[in-house]
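Look at the sequence and the model first.

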Amino acid sequence: MAGHSKWANIQHRKGRQDKIRAKLFSKLSKEITIAAKMGDPDPDKNPRLRLAVKEAKSQSMPKDNIDRAIKKSIAGEGEDYEEIRYEGYGPNGVAVIVEAMTDNRNRTASNVRSTFTKNGGNLGETGSVGFMFERKGAVNYPADAGDADTVMMAAIEAGAEDVESGEEGHTVWCADTDLNEVSNALEAELGESESTKLVWRPTTTTEMDLEGMQKLMKLMDALEDDDDVQQVTTNFEASDEVMAQLEDE
């Protein structure tokens, strides 16, 4: 996931912020509505909804938007949405997982397939790349939340599996089923997290050169621009030198 967080930073610097934020709020709203629809509309009684609201708050989504998304579920909206995962290969054989939420499975499948094809990739069968990832909970904290030892101790106490600490901050990893419990325990020790969500963590990675990364970014951009797509994850690995060249473009 290191590549993925760097990817977010690149996007951030490419001046697409307003457009990205509008898309992000729309995707977060959809997740909140579906989570509330599938369980209880009270976040305290619905772990998935609580995590969705927490993630929305960490992205500075206004409280009114969050409340509106929950009310939509009570009003019966979001009835027809289903969650679908697509798997495929991008440039240089990099593995790509696309998570979508759609009310029209045929439209989404057609759009995702076409986006892969137009951008040098190909859509595979379900399971074709999933074995290269693990489903994990990830809780991100800024560097100033504490030093590596402090965060490690809090993570151990909380029942987490692993911690990665670096200049940009700390990522606490846990089993997907433990995310709600672990994030609550961490919050009590370290305060509010920057981000708390379920992710696909690569177990094997594919090294990318500059040309490969440029093509991959184009593919990810196109996929993330699709309103039905909630999240895109890849297993790319790129050197700091390649990432720096990308950021300078």
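This is a predicted model: local features need pLDDT of at least 70, side-chain atom pairs count only at pLDDT 80 or more; totals for chains, interfaces and linings use all residues.

Residues are numbered from 1 along each chain as its sequence is written, and side-chain values use heavy atoms, with hydrogens and water left out.

**Overall fold**
- The protein chain has 9 helices and 10 strands. Both are DSSP runs numbered from the N terminus: helices are H or I with at least four residues, strands are E with at least two.
- The radius of gyration is 18 Å, close to the 18 Å that the globule rule gives for 249 residues, so the chain is as compact as a globular protein of that length. The radius is taken over C-alpha atoms, and the rule is 2.2 Å times the number of residues to the power 0.38.
- The C-alpha trace spans about 45 × 45 × 35 Å along its principal axes.

**Annotated region**
- UniProt, in an unreviewed entry, lists residues 81–236 as "domain: TACO1/YebC-like second and third". Positions follow the numbering used here, feature names are shortened, and annotations may be inferred rather than shown by experiment.
- Residues 81–236 are 33% helix and 36% strand. The end C-alpha atoms of this stretch are 30 Å apart.

**α3 with α7**
- Helix α3 (residues 47–58) packs on helix α7 (residues 179–190) at about 50 degrees, with axes 10 Å apart. Axes are lines fitted to C-alpha atoms, for helices over the stretch in contact, and angles run from 0 to 180 degrees between N-to-C directions.
- That angle makes α3 oblique to α7. Under 35 degrees counts as roughly parallel, over 145 as roughly antiparallel, 65 to 115 as roughly perpendicular, and the rest as oblique.
- The crossing is left-handed; that is, the near helix is turned anticlockwise from the far one by less than a right angle, while clockwise is right-handed.
- Pro 47, Arg 50, Leu 51 and Lys 54 of α3 meet Leu 179, Asn 180, Ser 183, Asn 184 and Glu 187 of α7. Contact means heavy atoms within 4.5 Å.
- These residues split into 3 nonpolar, 3 polar and 3 charged. Ala, Val, Leu, Ile, Met, Phe, Trp, Tyr, Cys and Pro count as nonpolar, Asp, Glu, Lys and Arg as charged, and the others, Gly among them, as polar.

**α6 with α7**
- Helix α6 (residues 148–158) packs on α7 at about 140 degrees, with axes 9 Å apart. That makes α6 oblique to α7.
- Their crossing is right-handed.
- The contact residues comprise 8 nonpolar, 1 polar and 1 charged.

**α5 with α8**
- Helix α5 (residues 105–118) and helix α8 (residues 210–224) pack at about 160 degrees, with axes 9 Å apart. They are therefore roughly antiparallel.
- Val 112, Thr 115 and Phe 116 of α5 contact Leu 219, Ala 222 and Leu 223 of α8.
- This contact has 5 nonpolar, 1 polar and no charged residues.
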